[in-house]
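Hello,

Here is the structure I promised to pass on to you. Please have a look at it first, and then read on for what turned up.

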Amino acid sequence: MAKEQKNEVMEKVVALCKRRGFIYPSFEIYGGFAGFYDYGPYGLALKNNITNVWWKQFVTDREDVYGIDSALVTKKEVLQASGHARGFADMLSECEKCKRRFRVDHLTDTKKCPECGGKLGEARQFYMMLETHIGAAEDEASLAYLRPETAQGIFTNFKNIVDSFHPKLPFGIAQIGKAFRNEIAPRDFLFRVRELEQMEVEYFVKPDAWKEAFDLWKGEMKRFVSKIGIDVAKVSELEIPEADRAHYSKRTIDFEFEFPFGKKELYGLAYRTNYDLTNHATASGVDMSYMDEETKEKIIPHVIEPSLGVGRSLLAVLLSAYTEDEMNGEVRTYLKFKPSVAPVKVAVFPLLKNKPELVTKAREVYGTLKKEFGAVMFDDNGNIGKRYRRQDEIGTPFCVTVDFDTIEKDQSVTVRDRDSGKQERVAIAELQSFLKAKLA
Ligand code: GAP
């Protein structure tokens, strides 16, 4: 696809997200705030569906993973021990004329400002953690950070989980939550933001078992990608060379996705060794070792970390689902979501709004389906063609219409399939089981 066409797809998806209530730029009435986005009703439903699929697969379907939810504001000692307070930085150059800063690794000419052509200054480190102060005084002692990854809250709870649950190695601790990074160049919609959300597992293993665990989680990540409807043909793995790996990693692979703006990191899988637990043990003075009851040996477990961004998942799902075709001689736009992530599973309409008998029956059908499927919508606004188009644009897999035949003839309704646009008549008595099978 040509570059302009790809940009056009991105623009269309961003516009659809705003128009249809998925994602809004934060604080837009005040001119927006770069790198921050708010989720509207459908975006929130899509996000919750994605995180629920992840939680089920990575936590509840397993016997060896414990879920937690730890504090966002993080004591500075934690991030000093983890290496983030010194290591979590980008090399930046500042333009002497317009004062804009640029990541050196994003520049083609390191001497000239790409915006105004001014002279770029010496490259220097720019720390990416967001700071805050806790307590009455604003000084060095009250300094705290908004966490840059959810992982550190997991490492600082390692001992709690071991003491409460006595898990056998290997076992994991998982959490989903916000993280904050003062990205110098937030861009590409949800791709690089300053307030992000991550789904992470720290999987603790015996030191000689890391390779096996690495492969296990690589497989789980692949399974997740296809489960939520990301186009697997656009996903590839990249082995990260040592020089480009995070300070804690001995092996990293990135899962990359072909975004319209280039092939970029979707998720990361890292072998963090025992770097974090060892450093927290040294810095806190608390013993972080694990007693292997079988061998009576004390070890500091090693860690495999699958780390998945929620926003990047959403963007890859939206881009994979975005489809244009022609229907009834018109260009149609629709989101081909998998039913498991679709914000609305079924929409129910009366054929005409001004016929009380149709509305009453449609409300009855809607009530029954809502009890069964939850995310069911009633719509009687505008003509039927417009309602179908609205549901197509938000990716609703099925639309059910109550018409005159329903009342006068056969107590059946039409069920329209989003992707083919085909309709079939289904008896109301069989509607629930019909849709249940289709949505499974
Ligand atoms: N705990 C490991 C870690 O945080 P990372 O590669 O820095 O590793 C993991 O981030 C994942 O978090 C990325 O693969 C991506 O999905 C997401 N992510 C990271 N920075 C992001 C940002 N600024 N905006 C959106 N998502 C981001």
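Let me begin with the place where the domains meet. The count between domain 1 and domain 2 is two salt bridges. On the side of domain 1 that touches domain 2, α1 (3-19) and α2 (41-60) each contribute at least two residues. Sorted by class, that side of domain 1 holds three nonpolar, one polar and two charged residues. Polar contacts between domain 1 and domain 2 come to two residue pairs, both at pLDDT 80 or more.

Please keep in mind that this is a predicted model, and that every value here is computed from it.

As for the bounds, the domain assignment of the protein chain puts residues 3-73 + 150-319 in domain 1 and residues 344-439 in domain 2. Taken over C-alpha atoms, the centres of domain 1 and domain 2 are 38 Å apart. Six residues of domain 1 make contact with six residues of domain 2. About 540 Å² is buried between the two domains, and carbon and sulfur atoms give 51% of that area.

Next, the aromatic rings. The count comes to 26 aromatic pairs. Among them is the pair of Phe191 and Phe259, which is edge-to-face, with 5.2 Å from centre to centre and 70° between the planes. This pair links distant parts of the chain, as Phe191 and Phe259 are 68 residues apart. Phe191 sits in the loop between β10 (171-180) and β11 (195-205), whereas Phe259 belongs to strand β13 (residues 251-259).

- Leu169 and Pro170 are joined by a cis peptide bond, with omega at about -5°. Pro170 is found in the loop between α6 (158-165) and β10.
- Phe27 is not a glycine, yet its phi is positive, at about 55°. The loop between β1 (23-25) and β2 (37-39) is where Phe27 lies.
- Lys99, also not a glycine, has a positive phi of about 70°. Lys99 is placed in the loop between β5 (89-94) and β6 (101-103).

How values were computed
Residues numbered from 1 in each chain as written. Predicted model: local features only at pLDDT ≥ 70, side-chain atom pairs only at ≥ 80, totals over all residues. Heavy atoms only, no water. Domains from an automatic or database assignment. Contact = heavy atoms within 4.5 Å. Buried area = accessible area lost by both parts, 1.4 Å probe. Salt bridge = Lys/Arg side-chain N within 4 Å of Asp/Glu carboxyl O. Polar contact = N/O pair within 3.5 Å; in protein donor to acceptor, adjacent residues only side chain to side chain. Helix = DSSP H or I, 4+ residues; strand = E, 2+ residues; numbered from the N terminus. Nonpolar A, V, L, I, M, F, W, Y, C, P; charged D, E, K, R; others polar. Phe/Tyr/Trp six-rings, centres within 6.5 Å; stacked < 30°, edge-to-face > 60°.
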